Amino acid sequence: MAPGMDWQAICLSLELATLTTAALLILGLPLAYWLAFSRRRWKFLVEAVVAMPLVLPPTVLGFYLLMAMGPRSPLGRAWEDLVGHTLPFSFEGLLLASVLYSLPFMIQPLAAAFASVDRGLIEASWCLGESRFRTFFRVIAPLSWAGILTGLVLSFAHTLGEFGVVLMVGGNLPGRTRTVSIAIYDQVQAMDYAPAARTAALLLGVSFLVLTFTYALRRHQRKPWTLI
Amino acid sequence: MDPHLISDAERRFRGGTTVEARFEIPRPGFSVTVLFGPSGSGKTTALRLLAGLERADRGAIRFDGTAWSDADRGVHQPPQARDLGFLPQAYHLFPHLSVAANLGYGLASLNAHERNARVGELLTLLDLKGLEARHPGELSGGQQQRVALGRALARRPRLLLLDEPLSALDRPSQLRLRKELRDLLRALDIPTVLVTHDRAEALQLGDRLVVMDQGRVCQSGDIQQVFDRPTDPAVARILGVETVVRGRVEAISDGMVTVSVGPARILAADPGSLGAHAFVCVRGEDVAVERGCGPSPGTTARNRLPARITALHHEGSLIRISLDCGFPLESLVTRQACVDLGLAEGDQVCAILKAAAVHLIPHD
């Protein structure tokens with residue numbers, strides 16, 4: 001094991017990224033389905049809200065999340081009554097923030113993939129007696145595998161590398177909220193360049209590997225060069 | 001007794017287009033109702049109204065005593081509840097599933113054993129044995145068509161909807177499959193609604209004809225009646241200018257067929273796959289008119305039919321002569337020719353047509 005690397009932070013980041021991706025998949029499938037197929041006039045409003053984290057500075061998002069989770073907000077009080085500790089500066093708070101921050105990275109590839117499934121295939125399934133719910137799992141989801149894979153990979157990689165939101169909402173508590181990007185920042189602040197370089201190289205390698213893997217699997221898709 | 005299917009429904013699109021599905025299927029069991037008309041006439045939308053893929057804005061559709069759709073009462077049964085087989089024009093086979101999985105797709109309620117047995121039956125019925133593991137992308141157009149038909153038949157639906165079932169195939173396959181398709185539908189004994197813009201296909205496959213134009217049903221009824229007596233010029237224009245009469249095949253020899261229509265006998269080239277009956281189609285411009293009907297040594301035309309002129313209609317520089325030679329026949333001649341011969345209503349003449357200009361369409 002390389003000396004000086006903050007393995008606790010690395011493990012925490014992996015755990016956070018895995019749980020965030022899982023939560024986003026469960027949340028993302030129905031939301032992306034709705035965005036892809038709904039004909040509501042106000043759909044564009046939901047689309048804009050979902051895309052917000054793409055353009056908002058992480059500190060701004062983090063600030064509002066901190067306010068929303070704080071002991072003076074209904075959410076913060078309800079959480080504290082329920083589990084006994086506050087939501088900010090806890091792993092659960094960090095998870096909630098990560099889910100919101102990475103939302104567009106899951107929703108947009110999913111919705112784009114669902115919307116590009118030939119409408120005639122969906123109707124053919126309905127005419128063969130299959131409900132909308134079963135049609136989703138038998139036709140839409142299998143034909144959208146590339147979009148689902150892209151959403152999973154981007155959400156995972158994006159959560160692994162997040163910094164601003166973590167700092168605002170999670171702080172820097174070893175073993176609870178200190179993620180790998182914060183560990184690197186700490187090491188650089190402490191002029192501890194050697195472990196910072198090794199940790200940074202690890203993140204770079206992981207990011208490159210998952211993206212290479214994704215593009216390789218998608219290379220026969222119609223537009224392999226755009227992930228979203 | 002009420003008709004098996006009564007459809008009087010309408011779909012209004014934004015921009016003012018309206019399409020109606022207004023026709024009946026009188027009885028259960030085998031019969032083919034053809035929705036016929038030029039492209040853009042609303043045939044496919046009418047079929048989608050029946051399937052439940054479009055919601056009717058007005059009117060109702062009742063099938064076998066059940067309201068599938070009733071706009072006044074807010075009733076709209078989804079496609080899943082209608083128990084029908086739908087063959088879309090582009091087939092829409094599931095590209096990620098094998099032939100066998102496509103055929104068995106609608107059979108999720110059966111157990112694996114029953115499902116495999118049903119898929120096996122379909123593979124045999126549609127001559128797809130040996131292709132069950134292939135994916136749709138690895139099939140020819142004709143094979144895809146048969147898989148799509150098999151998938152629609154798998155659930156033993158109570159009504160079959162076919163949208164241009166043969167139009168994606170090359171011409172020789174179309175001609176071969178028309179006969180096969182009608183024989184198959186007869187054997188399955190399912191009422192069928194079929195959309196086509198091809199007159200020969202309509203004649204060969206259909207029992208009842210629904211003529212559509214610009215979203216409206218212009219005329220519907222027995223196929224021979226509609227061709228015999230189009231209610232207005234629009235219908236006649238859509239059906240084409242041909243004379244279409246049903247005849248009995250009397251003899252086939254040397255590639256030539258003798259067909260009797262009423263008292264007349266007509267000689268024509270053998271199109272192949274003829275049964276006992278055929279529709280005889282003749283274009284007005286292929287029928288010449290002569291005074292006197294004795295044998296003429298100086299012509300290659302094989303058909304000389306005694307006829308009486310029942311009407312003369314001016315159509316620009318041409319005149320349409322309606323003839324009665326035991327069956328109604330139309331002839332299109334120049335105004336000058338008509339004047340030179342001094343033709344008038346009631347005259348006895350001879351209608352002449354080349355055997356090569358008589359087009360036979362099998363219909364049993």
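Residues are numbered from 1 along each chain as its sequence is written, and chains are lettered from A in the order in which they are written. Because the model is predicted, local features need pLDDT of at least 70 and side-chain atom pairs count only at pLDDT 80 or more, while totals for chains, interfaces and linings use all residues; side-chain values use heavy atoms, with hydrogens and water left out.

Chain A has 11 helices and zero strands, where helices (H or I, at least four residues) and strands (E, at least two) are DSSP runs numbered from the N terminus. The C-alpha trace of chain A spans about 65 × 45 × 30 Å along its principal axes. Of the 228 residues in chain A, 44% are buried, a word that stands for under 20% relative accessible area, with exposed meaning over 50% and partly exposed in between (1.4 Å probe, protein chains only). Taking contacts (heavy atoms within 4.5 Å) in chain A between residues at least 6 apart in sequence, 68% join residues at least 24 apart.

Tyr64(A) belongs to helix α3, which covers residues 58-69, and is exposed at a relative accessible area of 54%.

Over all chains, a search of the whole structure finds 30 salt bridges, each a side-chain nitrogen of Lys or Arg within 4 Å of a carboxyl oxygen of Asp or Glu. One of them pairs Arg304(B) with Glu290(B), whose closest N and O atoms are 3.0 Å apart. Since Arg304(B) lies in strand β17 (residues 303-315) and Glu290(B) in strand β16 (residues 287-291), this pair ties together parts that are 14 residues apart in sequence.

Strand β16 also holds Arg291(B), which meets Asp347(B) in a salt bridge of 2.8 Å, N to O. Asp347(B) lies in the loop between α9 (335-341) and β20 (348-353), so the pair ties together parts that are 56 residues apart in sequence. Within this pair Asp347(B) is buried, with a relative accessible area of 19%, whereas Arg291(B) is partly exposed at 39%.
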